[in-house]
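Thanks for coming, everyone. Please bring up the sequence and the structure, and keep both in view while I talk.

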Amino acid sequence: VLSHYRNLEIENKILLVLDLDETLIHATERKLEIDFDFQYADYFIYRRPNLKWFLESMSADFKLAVWSSADDKYVEEIVEKIKPENIEFEFVWGRTRCTTKRDYELDEYVHEKRLKKVKKKGFSIERILMIDDSPEKTKDNYGNAVYVSAFEGDQNDSELKTLAEYLSSIKDSHNVRSFEKRGWKNKKTA
Ligand SMILES: [Mg+2]
């Protein structure tokens, strides 16, 4: 019986919904002084340090998905480039899956990622973590969010290493919404 539950638990890995721009990569029309990794249209793309390692090691303990508020085609093509061969994402979503809303404080339109759309795919809300550098895009589900610093090309950036350590410490949580995730860099435990 125990092993049966254990298998269920493994099947029921927490889903990481990863943002793309400034979380996993940096895309810019203005070339940086360091070598870019690849190009897409007019953009020079820089992978965040440790990206491949991060995706590979997280895939052992989590289900993975990408959700960006950028153009769908851009998202698909960038993900195709950065995806390690042995990894499958549960879904890769772009702007058409976002909910566009006027933010009066910021005085602009914000493309929000609302988890009820993920829930409709059969994922349990208690078992989803959104990794994002933009709180305004995840505010509908801030209890599910882990905010990372924005990556803009710094080759000494170690955010994905620190993040992996934190995520590993909470991978067995039954309800990710039940504990505070702000200040995660200093805590590293659930
Ligand atoms: Mg972002």
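**The metal site and what surrounds it**

Let's start with aspartate 19. It is placed in the loop between strand E1 (15-18) and strand E2 (25-28). A word of caution: this is a predicted model.

Is aspartate 19 buried or exposed? Its relative accessibility is 6%, so aspartate 19 counts as buried. Its side chain makes a polar contact of 2.8 Å with the side chain of threonine 23. Leave out residues up to four places away in sequence, and aspartate 19 touches Leu24, Trp67, Ser68, Lys113, Ile131, Asp132 and Asp133.

Now the ion. Which residues coordinate the magnesium ion? They are Asp19 (OD), Asp21 (O) and Asp133 (OD), at 2.1 to 2.2 Å. Along the chain, the donors of the magnesium ion follow the spacing D-x1-D-x111-D. Aspartate 21 has 18% relative accessibility, and the cut-off for buried is under 20%, so aspartate 21 counts as buried.

Next, the aromatic rings. How many aromatic pairs does a search of the whole structure find? The search finds 7. I'll show two.

Take tyrosine 43 and tyrosine 74. Their ring centres are 6.2 Å apart and their planes are at 70°, so this pair is edge-to-face. Tyrosine 43 lies in strand E4 (residues 43-47), and tyrosine 74 lies in helix H3 (residues 72-82). The pair therefore ties together parts that are 31 residues apart in sequence. Tyrosine 43 is partly exposed, with a relative accessible area of 30%. Tyrosine 74, at 7% relative accessibility, counts as buried.

Now tryptophan 67 and tryptophan 93. Here the ring centres are 5.0 Å apart and the planes are at 90°, so this pair is edge-to-face. Tryptophan 67 lies in strand E5 (residues 63-67) and tryptophan 93 in strand E6 (residues 92-93), so the pair ties together parts that are 26 residues apart in sequence. Tryptophan 67 and tryptophan 93 are both buried. They also belong to one aromatic cluster, formed by Trp67, Phe91, Trp93 and Phe123. And remember Trp67: aspartate 19 touches it.

Lysine 161 lies over the face of tryptophan 53, at 4.1 Å from the ring centre. Over the ring of phenylalanine 179 sits the charged end of lysine 181, 4.8 Å from the ring's centre.

On to helix H2 (residues 51-61). Which of its residues are buried? Leu51, Phe54, Leu55 and Met58 are buried. They cover an arc of only 95° around the axis, which puts them on the same side of H2. On the other side of H2, Lys52 and Ala60 are exposed. What covers the buried residues of H2? The cover includes E1, E2, E4, E5, H3 and helix H5 (159-170).

One last stop: arginine 127. Where is it? Look in the loop between helix H4 (116-119) and strand E9 (128-132). Arginine 127 has 6% relative accessibility, so it counts as buried. A polar atom of the side chain of arginine 127 lies 2.5 Å from the backbone oxygen of asparagine 12.

To recap, start from the magnesium ion with Asp19, Asp21 and Asp133. Then find the cluster of Trp67, Phe91, Trp93 and Phe123. Finish at H2, with Leu51, Phe54, Leu55 and Met58 buried.

Terms used
Residues numbered from 1 in each chain as written. Predicted model: local features only at pLDDT ≥ 70, side-chain atom pairs only at ≥ 80, totals over all residues. Heavy atoms only, no water. Helix = DSSP H or I, 4+ residues; strand = E, 2+ residues; numbered from the N terminus. Buried < 20%, exposed > 50% of the residue type's maximum accessible area, 1.4 Å probe, protein only. Polar contact = N/O pair within 3.5 Å; in protein donor to acceptor, adjacent residues only side chain to side chain. Contact = heavy atoms within 4.5 Å. Phe/Tyr/Trp six-rings, centres within 6.5 Å; stacked < 30°, edge-to-face > 60°. Lys NZ or Arg CZ within 6 Å of the ring centre and 35° of its normal. Donors = N, O, S within 2.8 Å, 3.2 Å for Na, K, Ca; no water. Arc of directions from axis to C-beta.
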